[in-house]
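Open the model in your viewer and switch to a cartoon view. Keep the selection tool ready.

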Amino acid sequence: MGCRDVHAATVLSFLCGIASVAGLFAGTLLPNWRKLRLITFNRNEKNLTVYTGLWVKCARYDGSSDCLMYDTTWYSSVDQLDLRVLQFALPLSILIAMGALLLCLIGMCNTAFRPSVPNIKLAKCLVNSAGCHLVAGLLFFLAGTVSLSPSIWVFFYNTHLNRKFEPVFTFDYAVYVTIASAGGLFMTSLLLFIWYCACKALPSPFWQPLYSHPPSVHTYSQPYSARSRLSAIEIDIPVVSHTT
């Protein structure tokens, strides 16, 4: 496997990264992070469930799909610490992952559309496609860490709320969507790391350049020896030495 080719691992990692970012978007916007279920013992009343998201809050009766109360200003008055942390962590994770996707795309496009012989004048401006994938893998790993840690904290904070008040709090499926998306980011990072480690030789430098050695004048502009360009005919001139 060579770093100068576009392989299935890089394409698969790019698609996996796109799916993971889409999952983070969904988890950020879904109003289904925590449920507060209020049960009534009056037969004439229906049980009420309050769905809490990062930005909105919705209250519904059992069996109804319409929100009895839809609070669009919930994002500014969040009183639950784990949701407040997620308001900052998930958008930050999305930004980092999008930057990683951009680097991954630049590396693939440069590998696919570059010429076989580099231009000597542009040698200093060549994009390091292998390095782009390496940095993208590190950013994917960072984005996964930023989104996974506060998402797992929701489980522990939910237990804390049930102990502090009453056991009426449960976490909803947006938590699972975000954790699965964070796992997808880790998988994307792992694929890029495996590709990078498999495509480069062990003795090569850590930051592998686009070409195995820097393009130079001797490599691309001197196909013939210096002696053959001086003259096509070689003349030997004898040297006479005088002895006294």
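**Stop 1: the annotated spans.** Remember that you are looking at a predicted model. Now zoom in on residues 12-33. This span is 82% helix and 0% strand, and its end C-alpha atoms are 30 Å apart. Move on to residues 173-198. Here the span is 100% helix and 0% strand, with 37 Å between the end C-alpha atoms.

**Stop 2: helix 3.** Select residues 129-164. These 36 residues form helix 3. From first C-alpha to last, helix 3 reaches 53 Å, close to the 52 Å expected at 1.5 Å a residue. Where does helix 3 bend? Look at F155: the bend there is about 30°.

**Stop 3: D82.** Jump to helix 2, residues 81-113, and pick out D82. Is D82 buried or exposed? Its relative accessibility is 0%, so D82 counts as buried; the cut-off for buried is under 20%. Now show what D82 touches. Beyond its neighbours within four places in sequence, D82 contacts R34, W153, V154 and Y157.

**Stop 4: the largest pocket.** Select D79, Q80, L161, F165 and F169. Among the 14 residues lining the largest pocket, these lie nearest its centre. The pocket holds about 180 Å³ of space. Which elements supply at least two lining residues each? Colour strand 1 (34-38), strand 2 (48-52) and helix 3 to see them. Helix 3 gives the largest share of the lining, four residues.

Conventions:
Residues numbered from 1 in each chain as written. Predicted model: local features only at pLDDT ≥ 70, side-chain atom pairs only at ≥ 80, totals over all residues. Heavy atoms only, no water. Expected span 1.5 Å × (residues − 1). Bend = angle between axes of the 7 residues up to and from the residue. Buried < 20%, exposed > 50% of the residue type's maximum accessible area, 1.4 Å probe, protein only. Contact = heavy atoms within 4.5 Å. 1 Å grid on protein atoms, 1.4 Å probe; cavity = no way out; pocket = protein on both sides within 12 Å on 5 of 7 lines; lining within 4 Å. Points joined across faces, edges and corners; volume = space filled by probe spheres on them.
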